[in-house]
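Here are my notes on this structure, as numbered points. Please keep the view open while you read.

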Amino acid sequence: MVVIGAPFDDNDNSLTGSVFVYKETEDNKWELYGDKIVPADGTEDDLFGFSVDIDESSSILIGARNATVDDVNDAGAAYLYNIPGNDTEGAIFIQKLTAEAPSEGANYGESVSIADGKIAVGAPSILLQTNEFFGSVYFYYSSDDETWILLQRIQEGGELTSGAMYGMSVSVCSAAMVAGAPYADFTAEDSGSIYINNLVDEGCGDDSDLWSRDTSPPSYYPTYYPTTDVRRKP
């Protein structure tokens with residue numbers, strides 16, 4: 001299965017954005033599966049489909065980095081859909097994810113990743129209380145791929161300079177999460193860095209720490225910037 005985002009797709013002259021899903025046929029050709037995916041609550045210039053990801057259970061995560069949330073412009077959102085096992089239905093909407101406190105211009109949904117009951121959503125332009133934007137990544141967990149709960153907002157503000165755009169790229173798997181900060185001042189101004197978080201507790205229990213910093217990454221991460229441990233908020 002292939003998922004393709006078209007964030008500038010013109011839906012009734014609204015430029016909401018769309019996502020197209022393709023399935024491989026028995027004769028090794030790719031055909032459009034169902035209708036294109038368009039958010040039911042989409043508004044003009046949402047850029048729905050700016051980022052997309054799909055996991056092994058056919059759950060599709062779609063970022064709309066410019067979505068208006070609670071009358072907050074460009075706060076951003078992420079939409080979760082599922083592709084059923086039969087071929088007679090299209091994508092089924094599961095849940096809409098947003099930041100717990102949407103802020104203007106945060107661009108939540110700039111990057112998205114889903115795998116093994118875990119979701120990471122990047123908000124690289126979020127403005128912190130210090131009036132600086134380092135960026136954040138929101139981490140969610142689900143035990144049934146239907147109800148997703150925010151477990152942690154990860155931010156590296158203590159190590160990054162304003163404008164680092166932490167969370168512009170994210171990738172999550174069963175045991176780790178990687179987030180990019182392309183404008184972090186590491187070896188030089190705007191040289192960029194990569195942050196790797198290892199998942200400590202696979203069960204994601206209420207009393208366990210979720211993430212710890214990998215302080216000895218492989219040598220092929222030349223821009224990695226080691227930091228202190230990241231812990232789940234109480």
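1. Start with charge over ring. The charged end of Lys23 sits over the ring of Tyr33, 4.5 Å from the ring centre. Arg65 lies over the face of Phe50, at 5.0 Å from the ring centre. The rule: NZ of Lys or CZ of Arg is within 6 Å of the ring centre and within 35 degrees of the ring normal.

2. A word on the source. This is a predicted model, in which local features need pLDDT of at least 70 and side-chain atom pairs count only at pLDDT 80 or more, while totals for chains, interfaces and linings use all residues. Residues are numbered from 1 along each chain as its sequence is written, and side-chain values use heavy atoms, with hydrogens and water left out.

3. A salt bridge here is a side-chain nitrogen of Lys or Arg within 4 Å of a carboxyl oxygen of Asp or Glu. Arg65 lies in the loop between β5 and β6 and Glu110 in the loop between β7 and β8, so the pair ties together parts that are 45 residues apart in sequence. Strands are DSSP runs (E, at least two residues), numbered from the N terminus. Both Arg65 and Glu110 are buried. Buried means under 20% relative accessible area, exposed over 50%, and partly exposed in between (1.4 Å probe, protein chains only).

4. How many salt bridges does the count come to? Three. Another joins Lys36 and Asp9, at 2.8 Å from N to O. Lys36 is in the loop between β3 and β4, and Asp9 is in the loop between β1 and β2, 27 residues apart. Lys36 is partly exposed, at 32% relative accessibility.

5. Asp41 also forms a salt bridge, with Lys96, and the closest N and O atoms are 2.7 Å apart. Asp41 is in the loop between β3 and β4, while Lys96 is in strand β7, 55 residues away. Asp41 counts as partly exposed at 38%. Lys96 is partly exposed too, with a relative accessible area of 29%.

6. Now the aromatic pairs: the structure holds six. Rings of Phe, Tyr and Trp (its six-membered ring) pair if their centres lie within 6.5 Å; planes under 30 degrees apart count as stacked, over 60 as edge-to-face and the rest as tilted. The rings of Phe48 and Tyr81 have centres 6.5 Å apart and planes at 80°, so this pair is edge-to-face. Phe48 lies in β4 and Tyr81 in β6, so the pair ties together parts 33 residues apart in sequence. Phe48 is buried at 0%, and Tyr81 is buried at 6%. Ring pairs link Phe48, Tyr79, Tyr81 and Phe93 into a cluster.

7. Look next at β4 (residues 48-54) and β5 (residues 59-64). These strands pair in the antiparallel sense over five bridges. Two strands pair if DSSP finds at least two bridges between them. Val52 stands opposite Ile62 in β5. β4 and β5 form a hairpin with four residues between them. In the turn, Ser58 has a positive phi of about 65°.

8. Which order do the strands of the open sheet take? The order is β8-β9-β10-β11, with antiparallel pairing. β8 and β11 stand at the edges, each with a single partner strand, so one side of each is left without a neighbour in the sheet. β8 pairs with β9 over five bridges. Ser111 stands opposite Gly122 in β9.
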